Amino acid sequence: MLVNCGGLYSDKLAEMTGANTGLQIIPFRGEYYDLIPERQYLVKNLVYPLPNLNFPFLGVHFTRMIGGGIEAGPNAVLAFRREGYSRLDYHAGEFAEILSFPGFRKIAKKYWRDGLGEMKRSYFKQAFVSALQRLVPEIRSEDLEPGRSGVRAMACDRDGNMLDDFAIYDAPGIINVCNAPSPAATASLAIGETVAGKVLEQL
Ligand SMILES: Cc1cc2nc3c(=O)[nH]c(=O)nc-3n(C[C@H](O)[C@H](O)[C@H](O)COP(=O)(O)OP(=O)(O)OC[C@H]3O[C@@H](n4cnc5c(N)ncnc54)[C@H](O)[C@@H]3O)c2cc1C
């Protein structure tokens with residue numbers, strides 16, 4: 001049995017198994033700032049905005065980390081390569097693949113304003129801070145230091161829909177996990193159980 005749970009490359013791996021999902025992974029980087037220790041008293045818990053129903057993953061928030069510290073973010077910026085963890089990461093072939101995918105072009109046409117807003121929050125710290133101030137007005141730019149980033153693997157179909165549910169395809173001998181968006185980390189044990197169940201069914 002082969003189980004493909006390759007995140008940012010899950011579509012490529014699925015293709016190699018002969019699956020025709022019609023999906024392509026579009027990478028969206030999420031960048032964080034860290035709240036400096038002297039100002040961490042401002043955030044005593046998790047603080048979230050109301051979700052944008054078109055893009056529930058959008059909207060910076062405050063996260064109290066299990067090992068201490070407070071993260072602020074993430075934004076959601078189109079990455080110029082799949083493993084584009086920094087603003088300078090770029091891969092001509094992968095970027096061309098994104099731009100030439102009809103589903104991406106449809107999304108870009110429809111949501112370019114949201115996309116530009118996210119880019120603004122990436123390149124201009126004050127724009128990021130303004131979004132955070134809607135949740136905690138006392139936050140100032142000097143309270144925040146650049147933090148980590150992650151890249152979301154968003155599966156998109158050719159009609160320009162971003163899949164917001166899990167997409168797991170099984171074929172004889174193969175399970176392809178082609179979309180596992182947030183909260184897939186939180187739900188990872190349950191997803192693992194589901195995938196293991198599918199393997200056992202075939203065995
Ligand atoms: C900024 C950010 C914030 C998030 N916040 C949350 C949150 O608050 N709560 C939540 O539940 N989820 C959150 N998520 C989403 C969560 O991280 C993902 O849903 C989850 O990690 C998806 O799991 P996965 O196993 O499908 O993929 P991944 O975790 O990406 O794992 C894929 C693995 O496959 C490997 N791989 C890729 N290609 C190959 C290859 N060709 N050969 C071999 N190995 C390969 C990779 O190295 C990686 O280890 C967030 C994600 C981001 C980016």
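Let me start with one atom pair: a polar atom of the Arg64 side chain sits 2.8 Å from the backbone oxygen of Lys44. A polar contact, for this talk, is a pair of N or O atoms within 3.5 Å; within protein, one must be able to donate a hydrogen and the other to accept it, and residues adjacent in sequence count only if both atoms are side-chain atoms.

Before I go on, the ground rules. This is a predicted model, so local features need pLDDT of at least 70 and side-chain atom pairs count only at pLDDT 80 or more, while totals for chains, interfaces and linings use all residues. Residues are numbered from 1 along each chain as its sequence is written, and side-chain values use heavy atoms, with hydrogens and water left out.

Back to Arg64. It belongs to strand β3, residues 61-64. Helices (H or I, at least four residues) and strands (E, at least two) are DSSP runs, numbered from the N terminus. Which residues does Arg64 contact, leaving aside neighbours within four places in sequence? They are Lys44, Asn45, Leu46, Gly69 and Ile70. Contact means heavy atoms within 4.5 Å. Val43 is 21 residues from Arg64 along the chain, and their C-alpha atoms are 7.7 Å apart.

Now the whole chain. There are 5 helices and 8 strands. In sequence order they run β-α-β-β-β-β-α-α-α-β-β-β-α. The radius of gyration is 18 Å, close to the 17 Å from the globule rule for 203 residues, so the protein is as compact as a globular protein of that length. That radius is taken over C-alpha atoms, and the rule is 2.2 Å times the number of residues to the power 0.38. Along the principal axes, the C-alpha atoms fill a box of roughly 55 × 35 × 30 Å.

Next, the domains. Domain 1 is 1-21 + 163-203, and domain 2 is 24-160. Those bounds come from an automatic or database domain assignment. Over C-alpha atoms, the two centres are 25 Å apart. Domain 1 puts 9 residues into the contact, and domain 2 puts in 14.

How much area do the two domains bury between them? About 990 Å², with 54% of it on carbon and sulfur atoms. Buried area is the accessible area (1.4 Å probe) that two parts lose on being put together, summed over both. On the domain 1 side, Leu8, Tyr9 and Leu163 lose the most, together 56% of what that side buries.

The same interface has polar links. The rule finds 7 residue pairs in polar contact across it, both residues at pLDDT 80 or more. Helix α1 (10-16) and strand β8 (174-179) each supply at least two residues to the domain 1 side. Helix α1 gives the most, with 3 residues.

On to salt bridges: a side-chain nitrogen of Lys or Arg within 4 Å of a carboxyl oxygen of Asp or Glu. The structure holds 11. Across the domain interface there are 2. Lys12 pairs with Glu97, closest N and O atoms 2.8 Å apart. Arg82 and Asp11 meet at 2.7 Å, N to O. Arg82 is in the loop between β5 (77-78) and α2 (92-100) and Asp11 is in helix α1, so this pair ties together parts 71 residues apart in sequence.

Last, the prolines. Most peptide bonds are trans. The bond from Gly73 to Pro74 is cis, with omega near 0°. Pro74 lies in the loop between β4 (70-73) and β5. Ser182 and Pro183 are also joined by a cis bond, omega about 15°. Pro183 is in the loop between β8 and α5 (188-202).
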